[in-house]
Amino acid sequence: MPESLILYLAGKTSGNSRLEAALRDWCDRLQPGRFRLEVVDVEKWSSKSQPPPVLAVPALALGATGRMFVGDFSNIATVMTALGCLLAAS
C-alpha cells in the first residue's frame, strides 16, 4: 500500500502547479508505487470547526509519521530526505 504524502497549498497559482507537478514527477519517476500524493488547498478547507493542520504553506506531510516539511521546495530530493523518504546518500 502506498504511503500518503499530503501537499498543503493556498490557491491555484502557477508556482503551486509547478510544485505539484515536480512532486508527482519525483514520485512517479524515482519512487513508482511507493507514494500517493494528495493535494489540499487550505483556501477551500471545508471543516469550519477545525483549522487546517498547517501554519504555513506550502507544506508537505508524510501521513504515516506526521513529519512535515515547510519551506524551500527547490530541491525535491532534499525535501524527501528531510522527511525520511530518501536516504541522504541517494
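## A tour of the predicted chain

Welcome! What you have open is a predicted model, where local features need pLDDT of at least 70, side-chain atom pairs count only at pLDDT 80 or more, and totals for chains, interfaces and linings use all residues. Residues are numbered from 1 along each chain as its sequence is written, and side-chain values use heavy atoms, with hydrogens and water left out.

Next, switch to cartoon view. You will find two helices and four strands, in the order β-α-β-β-β-α along the sequence. These are DSSP runs: H or I of at least four residues for helices, E of at least two for strands, numbered from the N terminus.

Now select the C-alpha atoms. They fill a box of roughly 40 × 30 × 20 Å along the principal axes.

Colour by burial next. Of the 90 residues, 34% count as buried, meaning under 20% relative accessible area (1.4 Å probe, protein chains only).

Then select Cys27 and Cys85. The structure holds zero disulfides, a disulfide being a pair of cysteine sulfur atoms within 2.5 Å. For Cys27, the nearest cysteine sulfur is that of Cys85, 8.1 Å away. Cys27 is buried, at 4% relative accessible area, and Cys85 is also buried, at 3%.

Finally, display contacts (heavy atoms within 4.5 Å). Among those between residues at least 6 apart in sequence, 56% join residues at least 24 apart.

Terms used: Buried means under 20% relative accessible area, exposed over 50%, partly exposed in between (1.4 Å probe, protein chains only).
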